[in-house]
Amino acid sequence: MQGSARRRPFPAAAPGSPQPAGTLFPGRHGAVKGEDTFKTSPFHLDLWFYFTLQNWVLDFGRPIAMIILPLEWFPLNKPSAGDYFHMAYNVITPFLLLKLIERSPKTLPRSMIYVSIIMFVMGASIHLVGDSVNHRLIFSGYQHHLSVRENPIIKNLKPETLIDSFELLYYYDEYLGHSMWYIPFFLILFIYFTGCFTPVAEESRMPVSALLLMGPSSLYYWYLVTEGQIFILYIFTFFAMMALVMHQKRKGLVLDSNGLFLFYSFIITLLLIAGWVAWLWNDKILRKKYPGVIYIPEPWAFYTLHMNNLHAAKESL
C-alpha cells in the first residue's frame, strides 16, 4: 500500500570508493570533511608576506609615522597618521586571519574563529583610541618610562580627579585593549597551527622564501610581545605548540612548511626577548617601572628614556 510504503535508504558506498565532494562525516566534536584527512597545503608565501608587511608598516610603523610627519599636517586635536595606519590594520589583519584559516587543510571550529575575530576587532579598536591619545601626549612631554602619576605633565593637573581619568585611559590602552586584541590573535594562530601536520616527512621542509621571511616575522613578534607586555600569553601559546608537536610526533605526524614557519618564528622570538632582557637587565629606571619577576621593558619606554634624551642632546649642540 502507498501509505505503508517505506522510504528506501541511500545506497551504501562500496568500501574504498571515493566519497562525493562536500560529504560530511559526523565525529565526536561535530562534522568534519572527509577530504580533510591528512591533506597538506603548500607554503602560503602570499599570506605570510602580506602579514609581515602590514605588521611592520601598519603596526610598528604607526607611531614612527606620527613622530616623523610634520605636526602641521595632523594637529594634536585630530587623528594622526598613525591613527589611520591603525584603522587600516584593524581591517586588513582580520581579513588575512580569515584567509589563513580558509587555507588550513583541516576543518577548524568556525564559531570559535568568528568570536575570536570579533573580539580581536573590538580590542584593537579600543587600543586605537587609547594609544592615539597616549602617543600624542609625547609632544607635550609625556614619558613612557614613567607611570601615569609620576609623569611631570600629569602631576600638576587640577583637579586631581583628572589623573584618575588618564589612568583609566591607560587601563583601556595597555590592559583591556591589549587583552582583547592579543588573546584572540594568538588563539587563532594556535588553532591554525593545529592543522599544520602531515604524515609525509618530505613535506616537512621550508622553502627559501619561508627562511627569508622568518627573520622579519620573528622580529615583529618580539616587538609585539615586548611592547604589548604579553609575555605570559606568548609563552603559554609557545608551550602549547611544543606540547602539540610532541603529541603528534607519537602519531607519526610532522609539521608542514607553514607549521614549521610559525613554530621556528616563535623560537627565534624567544631568543630575541632573552637578548633584550639581558641587555637592559641593569637599567635601574626601567627596573622601577617594570618590577616583579617578569622584567621585559617596552621598546617605546626605552626610546623615551634613552633615545629621546640622545636626540635632545644632539639638538642642543
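Is D164 buried, partly exposed or exposed? With a relative accessibility of 39%, D164 counts as partly exposed, where buried means under 20% relative accessible area, exposed over 50%, and partly exposed in between, with a 1.4 Å probe and protein chains only. The structure is a predicted model, in which local features need a pLDDT of at least 70 and side-chain atom pairs count only at pLDDT 80 or more, while totals for chains, interfaces and linings use all residues. Residues are numbered from 1 along each chain as its sequence is written, and side-chain values use heavy atoms, with hydrogens and water left out.

The protein has ten helices and four strands, which are DSSP runs numbered from the N terminus (helices H or I with at least four residues, strands E with at least two). Along the sequence these elements follow the order β-β-α-α-α-α-α-β-α-α-β-α-α-α. Of the 317 residues in the protein, 42% are buried.

D164 also takes part in a pairing of charges. Side chains of opposite charge can pair when their charged atoms come close. The partner of D164 is R149, and their side chains meet in a salt bridge at 2.6 Å, N to O, a salt bridge being a side-chain nitrogen of Lys or Arg within 4 Å of a carboxyl oxygen of Asp or Glu. This pair links distant parts of the chain, since R149 sits in the loop between α3 and α4 (152–155) and D164 in helix α5, 15 residues apart. R149 is partly exposed as well, with a relative accessible area of 41%.

The count of salt bridges comes to six. Among them is the contact between D46 and R103, at 2.7 Å from N to O. Because D46 belongs to helix α1 (residues 45–68) and R103 to the loop between α2 (81–102) and α3 (110–136), this pair ties together parts that are 57 residues apart in sequence. D46 is partly exposed at 30% relative accessibility, and R103 is partly exposed at 31%. A salt bridge within one helix joins E102 and K99, at 3.2 Å from N to O; these residues are three apart in helix α2, so about one helical turn separates them. E102 counts as exposed at 57% relative accessibility, whereas K99 is partly exposed at 28%.

The empty space comes next. Rolling a probe the size of a water molecule over the atoms shows where empty space is left. On a 1 Å grid over the protein atoms alone, a cavity is a set of points where a 1.4 Å probe fits but cannot get out, a pocket is an open set with protein on both sides within 12 Å along at least five of seven lines, and lining residues have an atom within 4 Å of a point. The largest pocket has a volume of about 590 Å³, and of the 25 residues that line it, the closest to its centre are Y170, E174, Y175, G228 and Q229. Helices α5 (161–193), α6 (208–228) and α7 (231–250) each supply at least two residues of this lining, and the largest share, eight residues, comes from α5.

Five cavities of 30 Å³ or more are found in the whole structure. The largest cavity holds about 180 Å³ of space and is lined by 21 residues, of which H127, D131, H135, E174 and E227 lie nearest its centre. Helices α1, α3, α5 and α6 each give at least two residues to the lining of the largest cavity, with the largest share, six residues, coming from α5.

The second largest cavity has a volume of about 70 Å³, and its lining residues include R62, H86, L128, D131 and H135. Helices α1, α2 and α3 each supply at least two residues of that lining, and α3 gives the most, with four residues.

L45 lies in helix α1 and is partly exposed at 39% relative accessibility.

How values were computed: Points joined across faces, edges and corners; volume = space filled by probe spheres on them.
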